[in-house]
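Reader: Hey, can we go through this one together? I'm new to reading structures.

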Amino acid sequence: MGDLKQHSLIKAQERLRDQVGHALRAALIAGELRPGSVYSAPGLAAELGVSATPVREAMLDLAREGLVEPVRNKGFRITEVSERDLDQYTELRTMIEVPTIGRITKIATVEQLEALRPIAEEIVTSAREHNLIGYLEADRRFHLTLLGLAGNDRLVETVGDLRKRSRLYGLTGLDEAGKLVSSAEEHLELLDLMLSGDAAAAEACMVRHLGHVRSLWAQGRDEPVGRAPGRLGSGI
């Protein structure tokens with residue numbers, strides 16, 4: 001029975017680590033954790049109402065994703081993404097995703113594509129309901145699942161990494177202005193074009209969508225956010 005109790009404890013610790021990671025990502029998206037700023041695990045733990053250990057573990061997970069970097073004896077610095085970085089990430093995604101979308105349009109079945117419609121609708125719903133975490137999570141699932149239809153796992157991993165490194169900051173202002181809904185609706189447009197078998201139009205839609213996302217990012221990083229920087233909105 002001792003082994004089972006230990007197993008349950010490990011599972012509980014893993015769940016807390018995941019919950020903390022989710023809260024920290026939400027704070028990044030909302031602009032509560034600022035690029036370039038250094039945050040200590042004990043300080044964040046106090047705001048979240050947990051011990052420092054799961055915060056430190058969650059921050060190490062974020063470091064592996066390139067979202068933060070350890071600072072010796074101080075904590076973790078939120079990594080900054082320059083305009084040049086964003087342009088290069090967008091260029092790479094365009095080079096990879098656009099032709100892949102064209103190829104998938106030609107080989108995917110109607111059933112495979114229609115299976116993505118609920119996720120596309122979830123993206124739109126999340127945008128309309130101001131659910132930023134839900135929006136980005138559904139967006140990630142849609143794009144990576146769609147690219148997965150090409151049958152290249154390394155391609156999906158590469159795009160997933162590029163998405164993490166070009167994550168969005170300060171989406172709160174954009175959400176309040178209603179600018180995310182039009183971007184969300186492009187997922188349904190892309191799906192309909194692919195279902196019609198028009199590979200060229202689907203590629204053009206994907207180019208426009210990536211450009212739209214890039215411009216939203218540029219606008220969003222200049223938008224003021226509703227909460228004070230460095231303060232997390234809620235505990236776990």
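Author: Asn152 caps the N-terminal end of helix 8, with a side-chain oxygen 3.1 Å from the backbone nitrogen of Arg154. Before we go on: this is a predicted model, where local features need pLDDT of at least 70 and side-chain atom pairs count only at pLDDT 80 or more, while totals for chains, interfaces and linings use all residues. Residues are numbered from 1 along each chain as its sequence is written, and side-chain values use heavy atoms, with hydrogens and water left out.

Reader: Ok, and which residues of helix 8 are buried?

Author: Leu155, Val156, Val159, Gly160, Leu162 and Arg163. Buried means under 20% relative accessible area and exposed over 50%, with partly exposed in between (1.4 Å probe, protein chains only). Seen down the axis of helix 8, the buried residues fall within an arc of 160 degrees, so they line one face of the helix. That arc is taken from the directions from the helix axis to the C-beta atoms.

Reader: What about the other side of helix 8?

Author: Asp153 and Arg154 are exposed there.

Reader: And what covers the buried residues?

Author: The cover includes helix 4 (83–107) and helix 7 (132–148). Helices (H or I, at least four residues) and strands (E, at least two) are DSSP runs, numbered from the N terminus.

Reader: Switching topic, where's His143?

Author: His143 sits in helix 7, and it is buried, with a relative accessible area of 2%.

Reader: Which residues does His143 touch?

Author: Leaving out residues up to four places away in sequence, His143 touches Glu97, Arg163, His187, Met206 and His209. Contact here means heavy atoms within 4.5 Å. The side chain of His143 also makes a polar contact with the side chain of His187, at 3.1 Å. A polar contact is a pair of N or O atoms within 3.5 Å; within protein, one must be able to donate a hydrogen and the other to accept it, and residues adjacent in sequence count only if both atoms are side-chain atoms.

Reader: Last one: how many helices and strands does the protein chain have?

Author: The chain has 11 helices and 3 strands, and 42% of its 236 residues count as buried.
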